[in-house]
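Reader: Before I rely on the words used for this protein, I would like to see each of them set against its cut-off. Please take me through them one at a time.

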Amino acid sequence: MIPKVFREVIDLGDGREISIETGKLAKQAHGSVVVQSGKCMLLCTVVSNYEQKDLDFLPLTVDYREKFAAAGRYPGGFFKREARPSDGEVLTMRLVDRVLRPLFPKDYHSETQVMIQLMSHDDDVMPDAMAGLAASAAIQLSDFPFECAISEARVGRVNGEFVINPTRAQLEESDIDMMIGASADSVMMVEGEMDEISEEEMADAIKFAHDHIKIQCEAQLRLAEAFGKKEVREYPAEREDADLEKKVYDMAYNKVYAIAEAGSSKHERSAAFNDIKEEIKATFSEEELEDYGGLVSKYYRKAEKSAIRDLTLKTGMRLDGRKTTEVRDIWCEVDYLPSVHGSALFTRGETQALATVTLGTSRDANQIDMPSHEGEERFYLHYNFPPFCTGEARPIRGTSRREVGHGNLAQRGLKGMVPDDCPYTVRVVSEVLESNGSSSMATVCAGTMAMMDAGIQMIKPVSGIAMGLISDAESGNYAVLSDILGDEDHLGDMDFKVTGTADGITACQMDIKVKGLSYEILVAALKQAREGRLHILTKLTDTIAAPRADVKEYAPKMVSVRIANEYIGALIGPGGKVIQELQKETGTTIVINEDPVTEEGVVEILGTGQAGIDAVLAKIDSITFKPEVGSVYEVKVIKMLDFGAVVEYLDAPGNEVLLHVSELAWERTENVSDVVNMGDVFDVKYFGLDKRTRKEKVSRKAILPKPEGYTAPAPREDRGDRNSSRGRDSRGGGRDNRRDDRKRD
């Protein structure tokens, strides 16, 4: 029997709809929904164990996977099975996780899994924009302790008009690509890229998305009500002790405040805070610590956070002695690494990033192979965050989700400033060497300088800054913090990173931890961020004012030329012989692609020596050379024949043509060698295809003065005899007679 299905429909306002359905699939999960728009279908399931883990955090796993069958495709590689998640899938997981995690109770520690799968794909629907909606809708159908419904939506702007959940084709024309996560009451997460927009425009885009998210949250609540809202599960609450909390607070607060007020480095400050914590623990017996030592640590952290926040709100001072608007000391250096194509070192306070740039051909592009999107990136950035950068020793198990996410943010901040006519594939790698504050924004700054050092003609330089917010809901006081420290990231109410040029924002990432943050505070924070960005930008341009005019001597030069489709085969040669020999002889790399629009061949020539590149260009000119009728060309004799000379165009070595004996001179020529010899160089006139022979005709005599009293020589009788029609007819007749004889037999 088919189970009863419950369904809610969300109208996007432009003829498109999103439906949320439950009751048919995955009924043993604690909550499951199918979210559909067009032919795109996502299945989301949620499960949370009933046993609490002995942890001080929520063991939440958000998993998003795109099935290749959804697009009617096979997975790439030898094993035809979906394997590790792609970067695109990891980025979607992070987007969903960042909105869900804060809405679980702080004392809820049961292992929880949210699994989202793309089951059917539609080219006109981008599935990641519905992943947050699917996750929240499934949780609303469960018995999880979860604060409220949320959703996520993408917003674009095409021709000045905002578009909710635009198609990929619309995004190509959009100057905004932002994902917003929110509840009905509050915006919680923002991430995206923009084409140098203003702070006010960004706030308007967030408002537009939030209005649509409110509708999506209402639909989830209606579905849960129709399905039957479950009672929230009971779970053992964390142990609390109000008296112990006050005792620890009284012992810690003033001491922490004094250290925070003194202003010190990260390691000095951490050591001093740890000493306070150990002093407090020392006041308890071993039995007491064994009984509630965990609570002592918890209450200490709470007191430490309170003291540091109070210091900033009351005095405007921060942990390292800076004012709220101050940016840490910055020093930069370019061309630090002698053998790479471009490099830069950016140090801001206790955060340091070393960026390198490598230049390549289209063959080095980053291939994107996802069921929902196939393509390539000619500019991409990789970010590495080794444990030593924070003074830690821990296992390295591949690229973390954090590294993927922070690298993507830096890439989005920079890519809009790489010109469309840049001939290279550009790979930027950021090695974070120290971290106390935003290393992703340090990556943006180092990446900008490294690309300029490599000779990439950036449209404008880009800088980035990480901002924080501390607010007091009761008093209404708040402080926006420029260039936050790692500690301020954890204790603040908003963590946001902004990249941009002198003219506007190019990318952002925000995590808002307080409810009902006003748009006025948001815009004020963004404007303060702009001041910080411009300050940092001057430090970058003081170090390298403009991109190098050309790539470095040892870096590859790139030349791109277009040839007619008919010449591609000649350039490649049989089995690739011509192009392989040419690469070997010239020390270059040659890549040939076909323009899908014009069907021309796009030839990329990459080499460190200009002579090699010039040799390839000369070969291409030779292959594609087409003489013009009526033009005069310089040629060289390369072969002598009885009836003429084979000559080669000097402008196009390898292009040969027969100069017939009758075109050597006005006088009758009995022997070719009487007029020209091997290696002679002279001019000829090109006449195009001879109508009689259907071969190309050139003439030396046509550009020589005609002798006085010249009369044309009589035609050669021997040629007339050999070519007479009588001979051809008699031979043809013989063959015809023989055919007739065979037919009669």
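Author: The answers below take the terms in turn.

Author: This is a predicted model, in which local features need pLDDT of at least 70 and side-chain atom pairs count only at pLDDT 80 or more, whereas totals for chains, interfaces and linings use all residues. Residues are numbered from 1 along each chain as its sequence is written, and side-chain values use heavy atoms, with hydrogens and water left out.

Reader: Why is Val-444 called buried?

Author: Buried means under 20% relative accessible area, exposed over 50% and partly exposed in between, with a 1.4 Å probe and protein chains only. Val-444 has 0% relative accessibility and therefore counts as buried.

Reader: Where does Val-444 lie, and what is it in contact with, leaving aside neighbours within four places in sequence?

Author: Val-444 belongs to helix α9, residues 439–454; helices here are DSSP runs of H or I with at least four residues, strands are runs of E with at least two, and both are numbered from the N terminus. With contact meaning heavy atoms within 4.5 Å, and sequence neighbours within four places left aside, Val-444 touches Ala-410, Leu-414, Val-462, Ser-463, Gly-464 and Thr-499. Leu-414 is 30 residues away from Val-444 in sequence, yet their C-alpha atoms are 6.9 Å apart.

Reader: What makes α1 roughly perpendicular to α8?

Author: Axes are lines fitted to C-alpha atoms, for helices over the stretch in contact, and angles run from 0 to 180 degrees between N-to-C directions. Angles under 35 degrees count as roughly parallel, over 145 as roughly antiparallel, 65 to 115 as roughly perpendicular and the rest as oblique. The axes of α1 (residues 87–100) and α8 (residues 401–415) come within 9 Å and cross at roughly 95 degrees, which makes α1 roughly perpendicular to α8. Among the residues making this contact are Val-90 and Arg-94 of α1 and Arg-402 and His-406 of α8.

Reader: Why are β8 and β19 said to stand at the edges?

Author: The open sheet has eight strands in the order β8-β7-β9-β10-β21-β20-β18-β19, with antiparallel pairing. Each of β8 (161–164) and β19 (478–482) has a single partner strand, so one side of each is left without a neighbour in the sheet.

Notes
Pairing = 2+ DSSP bridges.
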